[in-house]
Structures are given as C-alpha cells and as structure tokens.
Amino acid sequence: MVALGFGLTAAAQAQTVFKIGWTNTIDSHYGVGVTTFGDEIAKRTNGRYKLQYFPSGALGGEREMLEAVQLGTQDMIITSTGPVGNFVPETRIVDIPYLFRDYDHARKVLDGPIGQDILTKFPAKGLVAISWMENGFRHITNSKRPVKTPEDVKGLKIRTMENKVHMEAFKAMGALPTPMNMNEVFTALQTGTVDGQENPIPVILANKLYTVQKYVTLDSHVYSPALLIINKGLWDKLSDADKGAFKEAAKIALAANRKKVNDDEANGIDVMRKAGTEVITSVDNAAFQKAVASAYASYNKEFGEANIKKIMDVK
Ligand code: EAX
C-alpha cells in the first residue's frame with residue numbers, strides 16, 4: 001500500500017493505492033471483476049483509494065499471493081477457493097464435487113446465509129473476504145484421449161489446484177492428481193509434464209489452455225468459487241463509511257464478474273472448436289458422480305453430512 005500526498009493545499013487529499021494480484025489476464029472474468037471494483041472504489045471515495053493491478057500471476061501463484069496478503073506484503077487478491085482452504089479450512093466445503101446443481105444454485109448459496117457465514121471465518125486468519133466472486137464450473141481437459149466416461153480418466157496425470165478436496169476426487173476417479181501453481185500450467189501441458197488439467201471455461205479461454213489441449217470434456221465436476229480478499233490490517237484502517245463503499249463496489253464488481261462468466265460460457269465452445277480443439281459436450285454425469293462417490297466418505301467426515309445436505313437442498 002502506498003499513500004501519496006499531493007501538495008499542501010487544503011483541497012488536496014492523500015491517495016492510498018492498494019496492490020491487487022490475480023492469476024488470470026486483465027480481460028478475464030477476474031480482470032473484469034477487479035477493474036470494475038477499482039473504478040467503483042475510486043468513484044465512491046472521490047479518488048482517495050485506487051487499485052494497482054497485477055494480473056497474469058505477476059505477483060505469483062494463488063497460494064503464495066494469499067500468504068503475502070496474510071503477511072501484509074501484498075494488499076489484495078482475487079483468487080479461486082483452490083488454495084484458500086489451507087488458510088481458512090471452513091471454505092473447503094464449497095470445493096466438494098457435485099455440491100452445486102448449477103450457477104443459480106451456487107450463486108444463491110454464496111449470496112445467502114451459508115456463504116456469508118463462511119466469510120466471517122477470515123478475519124481470525126488476518127484476512128478479510130470482502131466478497132465472493134466467481135471462477136465457474138470446472139471441466140477436464142487433456143491431450144491423451146477424449147474423456148467421455150470416468151474410465152477414460154484412469155491413469156491420466158491431471159494438474160489440480162493445491163486443494164485436497166479436489167485431489168481426493170481425482171484420486172477416486174483413478175487419475176494421478178498433480179497439484180501445481182497456475183503460472184506453471186500452460187508450459188506443463190505444452191511439454192506433456194502433465195496430461196491434462198481442470199478449469200472453468202473462462203480460465204481455459206483467458207490462458208489459451210485449449211491451444212495446448214486436444215480434448216475438452218464439459219463434465220462440470222465441481223463449481224469453483226472465487227474470493228476478493230484484503231489484508232485485515234488494511235481493512236481495519238478504513239473508516240466505516242469507506243468499508244461500506246468497498247462493500248458496495250464489490251457488489252457491482254461481482255455482477256460484472258458473473259456476467260463475464262456467463263458470456264464466456266456462451267461463446268467458449270465455439271472459440272475452442274474453431275481452434276481445432278475437440279469439445280465433448282455430452283457427458284454421462286451420473287457415471288462421473290458415481291466415480292467420486294468414495295471421496296464423499298471423507299467429505300462427510302470432515303464437513304458433516306448434514307452440512308453438505310443443507311447446501312445441496314438450497315432451492
Ligand atoms: O483462479 O489455479 C486454478 O486452476 C484457478 O482456477 C485459476 O488460478 C483461477
């Protein structure tokens with residue numbers, strides 16, 4: 001954070017600049033969310049607060065950026081929940097495969113009491129989650145073979161996020177989950193270090209992963225929330241009015257971020273097919289769900305079957 005004073009006139013106001021990092025590009029669903037958030041903050045605080053953007057992993061992977069925000073060496077981040085469970089374990093429940101039916105269901109849970117309650121667990125860890133954001137439903141991509149059934153996943157080396165809930169699911173499917181920082185994924189796919197990876201369409205598009213993957217299977221195995229997080233020390237220094245301005249700005253940013261996800265979902269298949277990638281749209285979801293069923297034993301143990309059912313039952 002850098003506080004800049006301009007001159008000594010009474011009218012001049014100190015300007016505080018917050019550095020925010022993320023792994024996707026500036027024009028991605030995260031970039032749209034962050035730049036909208038930045039515009040809205042500047043507007044609502046008469047320019048007293050400004051964001052300095054560090055897209056495309058310029059400040060590192062999500063886990064290392066989260067550590068930096070917790071330490072205070074980085075001010076803010078927009079991140080998937082991928083590595084967040086290593087800092088705030090209560091978030092892990094939303095990473096369970098097949099927990100959410102569709103986008104409406106996921107958005108309703110996160111905007112409602114269950115999702116908002118999870119945000120209250122962050123301050124104890126030196127972080128303030130200003131708002132949920134959205135990454136999207138995740139799909140399997142690979143260059144070995146078209147994945148049409150869970151059988152096709154067996155033996156594939158699949159990059160996952162540093163997220164034990166996801167890794168358990170891929171292990172249950174017989175894949176070899178390989179946790180890796182997003183910044184290394186494109187090269188790992190290009191060189192064949194891993195056979196495939198799994199990400200939402202907006203991430204596959206923004207990072208052009210489809211140009212180094214022969215097959216994309218739209219299996220929507222898990223919904224991936226994102227979060228807009230600030231260092232707690234910085235948040236506590238904001239006046240109540242400015243905290244309110246940040247919250248209002250985040251609401252508008254979330255709407256812009258979700259609209260970009262909707263747009264990418266609508267256009268993405270065409271973009272990938274035009275680039276020569278085979279996109280498999282008809283997937284036997286029941287078979288994939290059955291393939292991860294064994295992981296549910298540990299999910300029920302860790303999170304409580306009733307808590308999982310409570311989320312699934314939200315209409
Ligand atoms: O948050 O690491 C991942 O696969 C994430 O989906 C990506 O960084 C966007």
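Start by selecting Glu302 and Arg92. Their side chains meet in a salt bridge, 3.3 Å from N to O. The term means a side-chain nitrogen of Lys or Arg within 4 Å of a carboxyl oxygen of Asp or Glu.

Now colour by secondary structure. Glu302 lies in helix 11 (residues 295–303), while Arg92 sits in the loop between strand 4 (76–80) and helix 3 (103–111), so this pair ties together parts 210 residues apart in sequence. Helices (H or I, at least four residues) and strands (E, at least two) are DSSP runs, numbered from the N terminus.

A word on the model: it is predicted, so local features need pLDDT of at least 70 and side-chain atom pairs count only at pLDDT 80 or more, while totals for chains, interfaces and linings use all residues. Residues are numbered from 1 along each chain as its sequence is written, and side-chain values use heavy atoms, with hydrogens and water left out.

Is Arg92 buried or exposed? Arg92 is buried, at 14% relative accessible area. Glu302 is partly exposed, at 34%. Buried means under 20% relative accessible area, exposed over 50%, and partly exposed in between (1.4 Å probe, protein chains only).

Next, select Asp117 and Lys121. They form a salt bridge of 4.0 Å, N to O. Asp117 is partly exposed at 39%, and Lys121 is partly exposed at 29%.

Move on to Lys154 and Glu151. Their salt bridge spans 3.5 Å, N to O. Glu151 is exposed at 52%; Lys154 is partly exposed at 42%.

Last stop: select Glu40, Lys43 and Arg44. Salt bridges with shared partners join these three into one network. In total, the structure holds 18 salt bridges.
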